[in-house]
Amino acid sequence: MGGVGRRTGASPVTAPVEPSFSSAADVTEKLATTGYLADEATATATFLADRLGKPMLVEGPAGVGKTELARAVAGATGAELVRLQCYEGIDEARALYEWNHAKQILAIQAGRQQDWDATKQNIFSEEFLLARPLLTAISRTEPTVLLIDEIDKADVDIEGLLLEVLSDFAITIPEMGTVVAQRRPIVVLTSNANRELSEALKRRCLYLYIDFPDATLEREILGSRVPELPQSLATELVRIVGVLRGLDVRKKPSVAETIDWGNTLLAMTGGDAAQALTRGKLDEDLIARTLGVVLKHRPDVKTALRELKLG
């Protein structure tokens with residue numbers, strides 16, 4: 001870990017580094033090498049997040065590629081992906097850091113001959129510090145992508161912990177001082193919009209909304225992830241998924257589930273997807289038998305069977 005020092009009053013400034021992307025078009029091209037097909041809005045927001053050094057808040061329905069975007073950026077830039085998975089009840093110890101109390105107790109017992117001031121200085125040092133994702137990302141000097149995933153699942157209090165990180169790219173450890181990032185990570189926060197995030201957090205971020213892709217883009221995504229799937233079958237599959245998303249269902253099929261369905265059809269047809277075509281369309285029995293790949297609630301499956309008029 002590097003960059004430990006006490007704040008002097010001025011905001012910490014990290015050393016400038018070479019941007020990872022030269023333009024929005026460069027983002028599109030580099031992300032495509034990882035299999036991520038970005039639209040213009042996504043490419044532009046990613047470029048600005050990199051160039052301006054600002055976190056990017058990405059909202060949208062589950063399964064549209066928010067988390068995958070962070071993975072793709074890391075893969076495209078050769079950066080290490082550091083992920084903080086948020087959940088209800090996550091606290092500072094799991095997000096920032098915590099002390100190795102067991103090791104501290106052993107050190108205290110071993111140093112009983114020392115005075116307390118010397119012992120305290122020893123046990124509150126990097127040797128006894130357990131870095132969690134935020135501190136890990138701030139401390140790295142190599143290229144890093146920090147993914148703060150599903151921030152809307154965390155309690156409101158956790159957002160306060162993020163403000164210092166996202167404003168100054170620094171973390172204060174009372175016993176040691178302030179860790180200032182020597183190299184700013186690219187920061188991606190994702191949210192499924194289950195709750196409204198604070199204005200203070202939003203103000204520190206660029207905003208990107210990723211919706212379900214249109215049919216043309218989704219066919220391209222499906223073709224890149226399931227290249228063995230015949231184009232005619234992929235087109236029909238994307239059309240049916242679009243119909244399912246228009247139904248009154250609890251959970252609309254995601255892009256990831258479209259890909260899973262494509263792989264399922266290949267497996268169900270013994271690798272020859274052309275057999276699944278009947279008069280240019282997917283076999284209705286095969287659709288009915290595999291709906292559980294894309295719909296995960298029984299009422300949704302029943303709605304789809306009824307609306308698609310499947311036996």
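The side chains of Arg132 and Glu98 meet in a salt bridge, with 2.3 Å from N to O. A salt bridge here is a side-chain nitrogen of Lys or Arg within 4 Å of a carboxyl oxygen of Asp or Glu. Arg132 lies in the loop between strand 5 (129-131) and helix 7 (133-139), and Glu98 in strand 4 (residues 97-99), so the pair ties together parts that are 34 residues apart in sequence. Arg132 counts as partly exposed, at 22% relative accessibility.

This is a predicted model, in which local features need pLDDT of at least 70, side-chain atom pairs count only at pLDDT 80 or more, and totals for chains, interfaces and linings use all residues. Residues are numbered from 1 along each chain as its sequence is written, and side-chain values use heavy atoms, with hydrogens and water left out.

Some terms come next. Helices (H or I, at least four residues) and strands (E, at least two) are DSSP runs, numbered from the N terminus. Buried means under 20% relative accessible area, exposed over 50%, and partly exposed in between, with a 1.4 Å probe and protein chains only.

**Salt bridges**

The count comes to 16 salt bridges. Three of these pairs are set out here.

| Pair | N to O distance |
|---|---|
| Arg132 and Glu98 | 2.3 Å |
| Glu218 and Arg245 | 2.8 Å |
| Lys251 and Glu257 | 3.5 Å |

Glu218 forms a salt bridge with Arg245. This pair links distant parts of the chain: Glu218 sits in helix 10 (residues 215-225) and Arg245 in helix 11 (residues 231-245), 27 residues apart. Both partners are shielded. Glu218 is buried at 2% relative accessibility, and Arg245 is buried at 11%.

The side chains of Lys251 and Glu257 also meet. Lys251 is partly exposed, with a relative accessible area of 24%. Glu257 is buried, at 9%.

Elsewhere, salt bridges link Glu68, Arg71 and Arg225 in a network.

How many residues of strand 6 (residues 144-149) are buried? The count is 6 of the 6, so the strand is largely enclosed by the rest of the structure. In a regular strand the side chains alternate between the two faces of the sheet. In strand 6, Thr144, Leu146 and Ile148 point one way. Val145, Leu147 and Asp149 point the other way.

Strand 6 has partners. Two strands pair if DSSP finds at least two bridges between them. Strand 3 (residues 80-85) runs parallel to strand 6, and 6 bridges join them. Here Val82 stands opposite Leu146. Strand 9 (residues 186-191) also runs parallel to strand 6, joined by 4 bridges. Leu147 stands opposite Val188 in strand 9.

Leu189 is found in strand 9 as well. Leu189 is buried, with a relative accessible area of 0%. Leu189 and Cys205 are 16 residues apart in sequence and 8.8 Å apart in space, C-alpha to C-alpha.

**A charged patch**

Which residues gather in a patch of negative charge on the surface? They are Asp39, Glu40, Asp214 and Glu220. Such patches are made of residues with over 30% relative accessible area and no salt bridge; like charges are joined within 9 Å, and nonpolar side chains (Val, Leu, Ile, Met, Phe, Trp, Tyr) within 5 Å. Asp39 is found in the loop between helix 1 (24-32) and helix 2 (40-52). Asp39 counts as partly exposed, at 37% relative accessibility.

Key: Accessible areas come from the Shrake-Rupley method with a 1.4 Å probe; for residues, only the protein chains shown count as cover. Lys and Arg count as positive and Asp and Glu as negative; His and the chain ends are not counted. The place of a charge is taken as NZ of Lys, CZ of Arg, CG of Asp or CD of Glu.
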